[in-house]
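Open the model in your viewer and keep the selection panel at hand. The tour starts at the ligand and then widens to the pocket.

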Amino acid sequence: MNTNQLVIALTKGRILEEVLPLFEQANIVPSEDISKSRKLIFDTNLSNVKIMVIRGSDVPTYVEFGSADIGVVGKDLIMEHGSEGFYEPLDLKIAECRIMTAEPVKAPVRSGRLKVATKFTNIAKQYFAEQGQQIELIKLNGALELAPAMGLADSIVDIVDTGKTLKANGLEAKEVIAHISSRVIVNKASMKIKNSIIRDMLRKLNKAVDDKIQD
Ligand code: AMP
């Protein structure tokens, strides 16, 4: 392993727009406009640092196996993946939202086994087990808000920001399962072998987060 080379895996989509200014303040800038390119890996202003841009759900996997040294990913996807395979040293305090249960407005109280649709099956399983609630889990990959209206599920577990998406689909948020924001995760071996370069980057990112909050 070249102890000077760093690969950073960023989550594409809405997190990226908020994350790039923080990296820029930490003096890491992609060499071309990521949003205008179909490339998946980019050089940066630093000859030893590369940035990959991939799906959030793949970031923990790349970092756990060391193909990326560092990742930026939502806490929801870390919880869903399991966090034993890497360190999570920094909360970037961006892309904040909640993972919640939601039901049709004025849904009757149900007894017995609840049908829950979600893409976050591990999070839902753990949450309802802690509540002592028996559930039937239905895995969906998107448009969860449709499931109750179409009779597929009684309840959903999903990301809520403003709550507008739920409201537009006749649903209301119920219980907060977790508060979510984007986190920096670090491969365990990289943290040892590339310690000084990673610590330096974390220190600069931490300062960028603090500066942004004080603005
Ligand atoms: P809202 O209507 O503002 O409550 O936004 C809810 C929808 O936006 C969810 O279904 C999510 O797919 C998406 N969303 C909002 N915030 C985030 C975030 N921080 N990370 C990922 N998805 C999000």
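How many nonpolar, polar and charged residues does the shell around the ligand have? It has four nonpolar, three polar and five charged residues. (Ala, Val, Leu, Ile, Met, Phe, Trp, Tyr, Cys and Pro count as nonpolar, Asp, Glu, Lys and Arg as charged, and the others, Gly among them, as polar.)

This is a predicted model: local features need pLDDT of at least 70, side-chain atom pairs count only at pLDDT 80 or more, and totals for chains, interfaces and linings use all residues. Residues are numbered from 1 along each chain, and side-chain values use heavy atoms, without hydrogens and water.

**Select the shell.** Residues with a heavy atom within 4 Å count as near. Those around the ligand include Arg14, Ala95, Cys97, Glu145 and Asp158. β9 (155–160) gives the most, three residues. Helices (H or I, at least four residues) and strands (E, at least two) are DSSP runs, numbered from the N terminus.

**Zoom in on the ligand oxygens.** One lies 2.5 Å from a side-chain N or O atom of Thr162. At Gly163, a polar backbone atom is 2.7 Å from a ligand oxygen. For the side chain of Thr165, the distance from an N or O atom to a ligand oxygen is 2.5 Å.

**Now select the lining of the largest pocket.** α3 (75–81) supplies its largest share, four residues. By class, the lining has 10 nonpolar, 10 polar and 13 charged residues.

Conventions: A polar contact is a pair of N or O atoms within 3.5 Å; within protein, one must be able to donate a hydrogen and the other to accept it, and residues adjacent in sequence count only if both atoms are side-chain atoms.
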